[in-house]
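Subject: Structure handover

Hello,

I am passing on the structure we talked about. Please open it alongside this message and follow the residues as they come up.

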Amino acid sequence: MSDASFLSRHARTLLLFALALAVAGAVAAWSLPVGLFPQVAFPRIVVDLDAGDRPADTMALLVTRPVEEAIRTVPGVEGVRSETSRGAAQVSVDFGWGRDMIASTLLVDAAITRAVSSLPPGVTYDVRRMDPTVFPIVSYALRSDSISPARLRDLAQFRIAPALASVSGLSRVAVQGGDTPEIQVEADPRQLAAHGLAFDDLVGAIAGANVVRAVGRVQDRNKLFLTLVDQSMQGTRDIGAIVVRRTDAGWVHVSDVATVRMGVEPQWTRIAEDGRPAVLFNVFEQPDGNAVAIAGEVRARLARLALPPGVTLRKWYDQSELVTDAAASVRDAIAIGLLLAALVLWGFLRSGRIVGIALVVVPATLAVTVLLLRAMGMSFNIMTLGGMAAAVGLVIDDVMVMVEHLAHRASRVAEGDVASGMFASAREFLPPLSGSSAATLIVFVPLAYLDGVTGAFSRALSITMACALAVSWAMTAFIVPYLTSRWLDVSRWRDPAAGRARGLARWHGTAYRASVRRPWLPALAIVALLAAGLFAATQVPTGFMPDADESGFVLDYYTAPGTSLSESERQVAQIETILRARRDVETFSRRLGTGLGGDLGQSHHGDMFVRLVSDHDLPTRDVMDDVRESILRNVPGVEVETAQLMEDLIGDLTAVPQPIEVKLYGDDETVLRATATRVADKLVHTDGLVEVRSGVRIAGDALDIRLDHDAAAAEGVSADLVARTVSDALDGVVATSLPMATRAVGVRVSVPGARHWRIADLADVPVRAPDGHVLPLRRVATLIPVSGQAQITREDLQTMVPVTARIDRGGMDAAVARVKAVLAQPGVLPAGTRYELGGLYAQQQTAFAGLRKVFAAAILAEFLLLMLLYRSMWLSALVMTGSLLSASGVFLALWLTGVDLNVTAMMGLTMVVGIGTEMAIFLVSEYVARRRTATTVAALRRAVRLRVRPISMTSFAAILTLLPLALAIGRGSGIQQPLAIAIVGGLIVQYPLVLLGLPVAIGAVERWRAQTSNRHPTDSKA
């Protein structure tokens, strides 16, 4: 039983099966998770350490280093990097790609738990696994002129967050900003002294009076009673009525020695939206959540929520908009590409029914592809959507070549047996179709094994495209013949190419005959092409990940180290004025003392997210440059860094946020800091670099309280007593907490006005000696201001100071070359200091090294496939040479369009090898088949004549299909632009190479082989 007979008898069954799969895929598309990035487990864990207030060097010695050493014992740890500031540290732990990060997180947590016993008392830590879900998918701001910040925060925390908690796929709602209420007991030192009381007496009385405790159970009269001692306080009046001590004059209550009132907890962060104080709440998704569905449900629930009068709710970030816009761009690219491909098909075959076949099969192929993605647990994201858009050009190729072949054979099909004839023709074309599909498919096999960020992203794209091509082959082989037999009326349709050569065939015939007669012409053209490609390769700038216009960006800002919150806020207000004056800025949110990515909190550092209007004229990158330049001109003393959100997120997820990072190592921290400052000063004047920052980060100034031991001994006070007294005075003591309607409210005992003290006020703090007498702090201690306490950076237990920069123009390789030239200058690096290059450049080098291996593996796989198909070393070598020459078109296209050679462009370069080989297989397979019964010249002429139309159709259709992606039409479409440009450039060059260069080369080799064997090529038979 022949394959054609089998397909003919089961055609309807196969059609129904394909239809069922397509419908299932369309249904699965509605339930497929949707997100910005692929579901990737980034191999990075961040540990946040908090030890209160202590110097950075003490913090590094007593807390950070023991934790680093404990983490280093965890299996799979490849790198540990830490930033230590005053009382806080952040440790970044890198693992190898492919590890179970949930298990690794638990191991890190366990290692730190074992080390906690050796750390100073009061140290707390938090372990975070870094993945795309640690960043919000949608964020809102609450503002009001009539409601207090405390009530506004309660509204977000206790009404809005619970209302959103049941949204499917939502992980948590985090609230930033506003105030937290507390009861403040401001002790009067004079009244305390007059009643013979100490500060600790007041704290102890309040703590002991507020008691709710279960003390046992009692059985009586067949009932079991829980016995409670309940002396709970209910508010400020109850706190004021607490008895502190009984004296001869009567009872001393809290209200006699202190002022009791409602207040708010001390805040060391500032949150604003559009320059006005606000409360922000950020919505986070679960790893398998659907960002678009979550954001939509959040919007719907917020619309139903009744807000108090005077409260405004405004959205300042929505990741789902970028996802939906990117999806819309992909949808439009697919639709436009299909329409253009249909015009190509109509132009060559002049049949609306044949065009209809393509317009049915391609969407069905994509639907089945979605079903496969669903089965593999993947999601819709910028990479899978881009992969589907890029695959359309290749999918339409399969359909076109099969339809063209069937149309060409239609004249031979008997009218009474159309189906059998069509399936027989399809069976005849199956070997070259399978070989060409395999040529493209095998390229994606090594792509799927890439490591690093490149592998995480390319894997999603390559799997998507591989699934689409595999489904396309099956649809083309089994469904297209049946649809053609049913839809194409062979009795009425006539092949436009039948009879006399027309149009393209005539032009190609003329060019081919000229090339055969003068083989030096194509040889010269190939040499010129190779030279142009080599020249373009030296001119194309290199990059890492492509840019995508996201209509928003993150702006990190730094005031002078040690600047207070209020002064930093005053300076940042000037930046906000600049932003409000721009018509292309819709809104912005601001954080001071914290950040979107969970940075170490500093009073001089924060970030903003700037959201642009949807129809802004300038590209986002140009807006960023304008804003940065305006800030540098008009806000002296403030340093800024800008990045688009995806760039910023990837940088935070991989701990390499800057393109250029010079890591300086040495044993002497003082020398390292001086060297880092010198290197930064040199790089500031280096062409093409902006936002140069030395890694010498000053945590701020300090105030040392130096105890005079003789004076302290004379007064009978100890260092510990002085430390507790000053701490209680500055920060207060939370003595207890009272249960309220929605929260437990702390009761803080403090000294009046301590938050506004100056150094002189601190020197007059009363210290109560053990014998009861009170003395000012200045009598036993000296207060010495200390400036310039630096943060401490360590990498793999070594002291390291980084210098970072961004690239304003030019490629990454060129910028790094200039940086190396600066570092090589005499006197820049002292003896004992070495450097390594990190940042995105290191990631790029790792990615390019992997892609070069993939490129080599793709070439080897293609060559083995050709050997399997033709069993001819020289013929396989000729085909591979043509495919490699098409790389010249890739570099020329990137150079002419001004696009960097980045990760996605390198992926396109690799794919061009497979696509070029696919085109060549159609021609070579026809030649090999004809060569069995004809001379070399006749076989070549016939093969070229038969394949010029399908190769032209597929090439034009693929180019036009990818054109919308290459033009980056729509928001978020820039991610796939380098890939599309690379493929289009390769196809443009490969087209004449296959139709002119390859047959001329085959003929020349055959003549040479004939001469060496004393045979004439026109007389030799295979």
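Predicted model: local features only at pLDDT ≥ 70, side-chain atom pairs only at ≥ 80, totals over all residues.

Surface patches

One is positive and consists of Arg-513, Arg-517, Arg-518 and Arg-941. Of these residues, Arg-517 can be located in helix H17, which covers residues 504-517. Arg-517 has a relative accessible area of 57%, so it counts as exposed, the cut-off being over 50%.

The other patch is nonpolar, covers about 390 Å² and is made by Leu-16, Leu-19, Val-23 and Val-27. Val-23 belongs to helix H2, residues 11-31. With a relative accessible area of 46%, Val-23 is partly exposed.

Aromatic contacts

Searching the whole structure gives 10 aromatic pairs. One of them joins Trp-473 and Phe-478: the ring centres are 5.7 Å apart and the planes stand at 85°, so this pair is edge-to-face. An angle over 60 degrees is what that label requires. Both residues are partly exposed, Trp-473 at 24% relative accessibility and Phe-478 with a relative accessible area of 27%.

Another pair is Phe-535 with Trp-895, with ring centres 5.2 Å apart and planes at 85°, so it is edge-to-face. This pair links distant parts of the chain, since the two residues are 360 residues apart. Phe-535 sits in helix H18 (residues 520-539), and Trp-895 in helix H29 (residues 887-897). Phe-535 counts as partly exposed at 43% relative accessibility, and Trp-895 is partly exposed with a relative accessible area of 35%.

There is also an aromatic cluster, formed by Trp-316, Tyr-317 and Phe-609.

A loop residue

Is Thr-563 buried or exposed? Its relative accessible area is 10%, and buried means under 20%, so Thr-563 is buried. Thr-563 is found in the loop that runs between strand E17 (552-558) and helix H19 (565-580). For a sense of distance, the C-alpha atoms of Thr-563 and Phe-380 are separated by 45 Å, and these two residues are 183 residues apart along the chain.

Regards

Key. Residues numbered from 1 in each chain as written. Heavy atoms only, no water. Patch = residues over 30% accessible without salt bridge, like charges linked within 9 Å, V, L, I, M, F, W, Y side chains within 5 Å. Areas by Shrake-Rupley, 256 points an atom, 1.4 Å probe, with all protein chains shown as cover. Salt bridge = Lys/Arg side-chain N within 4 Å of Asp/Glu carboxyl O. Lys, Arg positive; Asp, Glu negative; His and termini not counted. Charge placed at Lys NZ, Arg CZ, Asp CG, Glu CD. Helix = DSSP H or I, 4+ residues; strand = E, 2+ residues; numbered from the N terminus. Buried < 20%, exposed > 50% of the residue type's maximum accessible area, 1.4 Å probe, protein only. Phe/Tyr/Trp six-rings, centres within 6.5 Å; stacked < 30°, edge-to-face > 60°.
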